[in-house]
Amino acid sequence: MNITSADFYISNSRADQCPIDAIAKPEYAFIGRSNVGKSSLINMLTRKKALAKTSATPGKTQLINHFIINNEWYLVDLPGYGYAKRGKRETQKLTQLITHYICGREQLTSLFVLIDSRLEPQKIDLEFIEWLGEEGVPFAIIFTKADKNKAGQLRHNVEAFLRRLSEQWEELPPHFISSAERGTGRDDILGYIDSINKSMTTAD
Ligand code: GTP
Ligand code: MG
């Protein structure tokens with residue numbers, strides 16, 4: 001798929017204030033632990049380095065950020081979960097924001113759950129995915145920061161994570177490997193979004 005335009009649309013601190021279009025546009029949102037690379041991935045996919053704000057320190061994205069792509073669909077940058085240094089009230093507020101968006105947003109077509117490919121399977125990610133299953137939220141997985149792995153480590157971690165998932169799921173969700181640094185995974189992820197967008201127009 002060709003991205004011909006990618007622009008910031010709106011930021012919201014409440015899920016019920018997200019955009020309402022006369023004809024609903026499909027949304028693809030990015031979630032995962034703070035610092036996993038959600039905002040960087042949006043910039044890589046759109047090839048706009050400063051579209052979504054990134055930071056070397058966790059906790060940067062605190063709002064729901066909509067970016068309009070080709071005037072037809074949205075990429076949505078969400079705050080991360082699991083940042084230990086956040087205060088209790090702030091954590092609660094963000095958890096509520098994320099939960100309301102994920103469970104209440106009808107336009108949410110697919111949620112991308114980002115997993116740091118450098119790490120062994122993390123309990124917080126597995127529990128989050130289990131919760132998505134309970135809520136019936138459609139999702140795919142993206143293993144991020146592939147460029148940061150030593151030889152063999154990437155495959156080891158990805159396989160270990162998928163093995164853990166197959167204990168919970170009969171069928172594995174779609175999954176991708178990405179590097180925002182090198183552009184790895186861009187074609188596959190955009191191709192996946194494109195195929196869903198096309199299936200939605202033919203289903204109308
Ligand atoms: P929060 O908004 O705080 O939840 O974080 P985030 O998930 O949006 O992460 P962000 O995109 O801000 O990236 C965090 C850090 O990881 C930044 O320093 C990025 O440059 C770095 N980073 C993200 N993706 C990659 C990648 O694929 N490769 C490398 N080497 N670094 C990456
Ligand atoms: Mg971010």
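In this predicted model, Ser179 sits in the loop between β7 (175-177) and α5 (186-203). Ser179 has a relative accessibility of 1%, and it therefore counts as buried, the cut-off being under 20%. Leaving aside residues up to four places away in sequence, Ser179 touches Met44, Ala146, Asp147 and Thr184.

A metal site comes next. Ser39, through OG, and Thr61, through OG1, coordinate the magnesium ion (ligand 2) at 2.1 to 2.2 Å. These two residues link distant parts of the chain, being 22 residues apart: Ser39 belongs to helix α1 (residues 38-46), while Thr61 lies in the loop between α1 and β3 (64-69). Ser39 and Thr61 are both buried.

Now for the strands. Strand β4 (residues 73-77) is mostly covered, with five of its five residues buried. Trp73, Leu75 and Asp77 point one way from β4, whereas Tyr74 and Val76 point the other way. Strand β4 pairs with strand β2 (residues 27-32) in the parallel sense over four bridges, and with β3 in the antiparallel sense over five bridges. Three residues separate β3 and β4, which together form a hairpin; in the turn, Asn70 has a positive phi of about 50 degrees.

Notes:
Residues are numbered from 1 along each chain as its sequence is written. Chains are lettered from A and ligands numbered from 1 in the order in which they are written. This is a predicted model: local features need pLDDT of at least 70, side-chain atom pairs count only at pLDDT 80 or more; totals for chains, interfaces and linings use all residues. Side-chain values use heavy atoms; hydrogens and water are left out. Donors are N, O and S atoms within 2.8 Å of the metal (3.2 Å for Na, K and Ca); water is not among the atoms, so sites may look incomplete. Buried means under 20% relative accessible area, exposed over 50%, partly exposed in between (1.4 Å probe, protein chains only). Contact means heavy atoms within 4.5 Å. Two strands pair if DSSP finds at least two bridges between them.
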